[in-house]
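Here is a brief report on the fold of one protein chain. Keep the sequence and the structure in view while reading.

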Amino acid sequence: VSSLSFLVPRREQASPIQTPPLQPLPEDSSLDEETLRLLRLKFRLYDIDHSGTVDAAEFSALLFDLGFRLGKRTVTSLVDELDINRNGKIDFDELAAWYAEMVKREAELEVRRQAGVV
């Protein structure tokens, strides 16, 4: 995977509400600690109500910030697909699992590109 600099927050937002401490890394994640830390920071920026979840609108903005340009219908479908606990929102573990899969797919695609298969 190329540079993950897009994960670095562009701005710090002061919050009058105390955010919860960082949770342990998901054990089954293929993402390295630094990528997970930066992804978690991004997640917190878009978790406006500090609930530990993002709704579809917050998720859409987060995805856009991460470089994914998806339409409203696609985001809605993605929320439905990723929302394991069926609460209509995405929590960090759901985001991290999906993001890890996207990174894995991108790495596999890059290997195929370099091999001249794609």
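**The chain as a whole**

This is a predicted model. The chain forms four helices and two strands. Read from the N terminus, the order of elements is α-β-α-α-β-α. Of the 118 residues, 31% count as buried. The accessible surface is about 7,800 Å². Carbon and sulfur atoms hold 53% of that surface. Among contacts with a separation of 6 or more, 55% join residues 24 or more positions apart.

**Helix 4**

Helix 4 covers residues 92-114, 23 residues in total.

The buried residues of helix 4 include Phe92, Glu94, Trp98 and Tyr99. Leu95, Ala96, Ala100 and Val103 are buried as well. As a group, the buried residues pack against helix 1 (33-46), helix 2 (56-65), helix 3 (72-82) and strand 2 (90-91).

**Helix 3**

Which residues of helix 3 are buried? They are Val75, Leu78, Val79 and Leu82. Seen down the helix axis, these buried residues fall within an arc of 100 degrees, so they line one face of helix 3. The face turned away from that buried side carries the exposed residues Arg73 and Glu81.

| Helix | Buried residues | Packing partners of the buried residues |
|---|---|---|
| Helix 3 | Val75, Leu78, Val79, Leu82 | helix 2, strand 2, helix 4 |
| Helix 4 | Phe92, Glu94, Leu95, Ala96, Trp98, Tyr99, Ala100, Val103 | helix 1, helix 2, helix 3, strand 2 |

**The core**

In soluble globular proteins, nonpolar side chains tend to be buried together. Here the largest nonpolar core has 23 residues. Which of them touch the most other members? Leu31, Leu39, Phe59, Leu62, Ile90, Leu95 and Trp98 do. Helix 1, helix 2, helix 3 and helix 4 each give this core at least two residues. Helix 4 provides the largest share, seven residues. Leu95 and Trp98, both named above, are among the buried residues of helix 4.

Definitions and conventions
Residues numbered from 1 in each chain as written. Predicted model: local features only at pLDDT ≥ 70, side-chain atom pairs only at ≥ 80, totals over all residues. Heavy atoms only, no water. Expected span 1.5 Å × (residues − 1). Buried < 20%, exposed > 50% of the residue type's maximum accessible area, 1.4 Å probe, protein only. Contact = heavy atoms within 4.5 Å. Core = buried A, V, L, I, M, F, W, Y, C linked by side-chain atoms within 4.5 Å. Areas by Shrake-Rupley, 256 points an atom, 1.4 Å probe, with all protein chains shown as cover. Arc of directions from axis to C-beta.
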